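The entries follow in the order I looked things up.

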Amino acid sequence: MPDFARFDSRSYPTVPVGEGYRDWTPSYEATVEDAMDQALLERLTSVPWDEARRAVDLGCGTGRTGQWLAAHGVQGLTGVDLTPEMLALARAKGCYDELFEGDVADTPLHGDSAQLVSCCLVDEHLAQLEPLYREARRLLRAGGHFVLVGYHPFFIMRAGMPTHFEHATRGPLAVATHVHLLGEHVAAGRGAGLNLVEMHERLVDDEWVRMKPKWERYRDWPISFVLAWRAQELA
Ligand SMILES: C[S@@+](CC[C@H](N)C(=O)[O-])C[C@H]1O[C@@H](n2cnc3c(N)ncnc32)[C@H](O)[C@@H]1O
């Protein structure tokens, strides 16, 4: 796996994930664009959202994804995140039945129980993908769906842009970012007992350039991706 430091074009001070999201929480929802993740969720045709009666949102953050899932008919939603400040906003939204503070790769939840697991805009913060995929497969019933939306590795490497935010007093800060090539996702998912059934990539397009005029220079670069997996029968 390539080291992000080799591509970093911003040289922002880097903070650990927990510290970064603690301090980003107040401005998070105003700065994350739905075009990054929700536009990709909308494109999936293989996931019957409204059939999910038990679902887990790994790295649920402030509950943006949970709100989208609930609006698309997902029921029985549990959220897991390591940042208590983000979880407090998710709790206030009221779209989760339960919320847990913890690691996406090691949750306290029963296995073989969910029809849907989601993980949006989290994987670039994980040093290794395999533990995440193993946990997603453990949580799912056979035939269940795992949907992962990620910040595109091409964009991270080519633009040299880490996940970052404007700190209230310290200026721009990067949240520890890792590069995971799409082939790593395929290997980790297959190794965990998942079959890849659908994938889409979102390019920087007119909508993005309208939101961020300076991104004209990134036009047509892939900015995010979605992978939809199905859980195989356990051996
Ligand atoms: C960019 S936010 C995404 C939140 C939400 N899924 C969304 O799409 O808005 C990343 C979230 O992942 C959480 N996170 C990062 N690494 C994690 C880990 N190892 N275990 C649990 N949560 C993690 C952070 O606390 C943060 O809330």
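For packing, I count two residues as in contact if their C-beta atoms, placed from the backbone, lie within 7 Å. This is a predicted model: local features need pLDDT of at least 70, side-chain atom pairs count only at pLDDT 80 or more, and totals for chains, interfaces and linings use all residues. Residues are numbered from 1 along each chain as its sequence is written.

Entry 1: Helices here are DSSP runs of H or I with at least four residues, strands are E runs with at least two, and both are numbered from the N terminus.

**Entry 2: helix α3.** Which residues of α3 are buried? I found R64, T65, G66, W68 and L69. Buried means 20 or more other C-beta atoms, placed from the backbone, within 10 Å of the residue's own. These residues pack against α1, α2 (34-43), β2 (55-58), β3 (77-81), α4 (84-93) and β5 (114-120). Just after α3, G73 has a positive phi of about 95°.

**Entry 3: the sheet.** I traced seven strands in an open, mixed sheet, ordered β4-β3-β2-β5-β6-β10-β9. Strands pair if DSSP finds at least two bridges between them. The edges are β4 (98-101) and β9 (194-203), each pairing on one side only. Twist averages 15° from one strand to the next. I then checked β3 and β4: they run parallel, joined by four bridges. T78 stands opposite E98 in β4. Helix α7 (residues 182-192) packs on the sheet, touching β9 and β10 (222-231). The direction of α7 makes about 155° with that of β9, with axes fitted to C-alpha atoms, for helices over the stretch in contact, and angles from 0 to 180 degrees between N-to-C directions.

**Entry 4: cores.** A nonpolar core is a set of buried Ala, Val, Leu, Ile, Met, Phe, Trp, Tyr and Cys residues joined through C-beta atoms within 7 Å. The largest has 51 residues; A55, L58, V117, C119, A136, F146 and V226 touch the most other members. Its largest share, six residues, comes from β10. I followed A55: its contacts include L69, V74 and L77, not counting residues up to four places away in sequence. Apart from this core lies another, of eight residues, among them F4, Y151, F155 and I223.

Terms used. Buried ≥ 20, exposed ≤ 12 C-beta atoms within 10 Å, placed from the backbone.
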